[in-house]
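Reader: I have the sequence and the model open side by side. Let us go through the surface, the fold, the sheet and the core in turn.

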Amino acid sequence: MKALVETIAKALVDHPNEVRVNAVDKERILVYELSVHPEDMGKIIGKQGRIAKALRNVVIAASVQTDKRVTVEIV
């Protein structure tokens with residue numbers, strides 16, 4: 001799952017070598033913290049958050065087989 005988030009993010013940004021994904025495991029939630037170069041924040045978030053929402057939907061769909069909720073936070 002971490003590789004999925006990283007692959008999608010690297011395809012969207014101008015500085016793919018600065019994409020970092022950190023997995024934080026909480027009680028029933030697995031949070032993937034995505035950090036990118038400051039110039040690429042707009043590209044990851046998208047107009048009105050559409051890209052970020054689509055990224056979260058892909059991760060949620062890929063995590064259906066797990067028993068935890070999965071989300072992506074952009075930091």
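Reader: What share of the accessible surface of the chain belongs to carbon and sulfur atoms?

Author: This is a predicted model. The accessible surface of the chain comes to about 5000 Å². The part of that area belonging to carbon and sulfur atoms is 53%.

Reader: In which sequence do the elements run from the N terminus on?

Author: The chain has three helices and three strands. A hairpin of three residues joins β1 to β2. From the N terminus on, the elements run α-β-β-α-α-β.

Reader: Which strands stand at the edges of the sheet, and why is one side of each without a neighbour?

Author: The three strands form an open sheet in the order β1-β2-β3, with mixed pairing. Each edge strand has a single partner, so one side is left without a neighbour in the sheet; these strands are β1 and β3.

Reader: Do β2 and β3 run parallel or antiparallel?

Author: β1 (residues 20-25) is joined to β2 by six bridges and runs antiparallel to it; there, Arg 20 stands opposite Ser 35. On the β3 side, Leu 30 has Val 70 as its bridge partner. Six bridges join β2 to β3, and these two strands run parallel.

Reader: At what angle does α3 run to β3?

Author: α3 lies across two strands, β2 and β3. Its angle to β3 is about 155°.

Reader: Which element gives the most residues to the largest nonpolar core?

Author: The core has 14 residues, and those touching the most other members include Val 5, Val 19, Tyr 32, Leu 34 and Val 72. At least two core residues come from each of α1 (2-12), β2 (29-35), α3 (50-62) and β3 (69-74). With three residues, the element that gives the most is β2.

Reader: Which residues does Val 72 touch, not counting those up to four places away in sequence?

Author: Val 72 is one of the core residues that touch the most other members. In general, nonpolar side chains of soluble globular proteins tend to be buried together. With residues up to four places away in sequence not counted, Val 72 touches Val 5, Tyr 32, Leu 34, Leu 55, Arg 56 and Val 59.

Technical notes
Residues numbered from 1 in each chain as written. Predicted model: local features only at pLDDT ≥ 70, side-chain atom pairs only at ≥ 80, totals over all residues. Heavy atoms only, no water. Core = buried A, V, L, I, M, F, W, Y, C linked by side-chain atoms within 4.5 Å. Buried < 20%, exposed > 50% of the residue type's maximum accessible area, 1.4 Å probe, protein only. Helix = DSSP H or I, 4+ residues; strand = E, 2+ residues; numbered from the N terminus. Contact = heavy atoms within 4.5 Å. Pairing = 2+ DSSP bridges. Areas by Shrake-Rupley, 256 points an atom, 1.4 Å probe, with all protein chains shown as cover. Axes fitted to C-alpha atoms, helices over the stretch in contact; angles between N-to-C directions.
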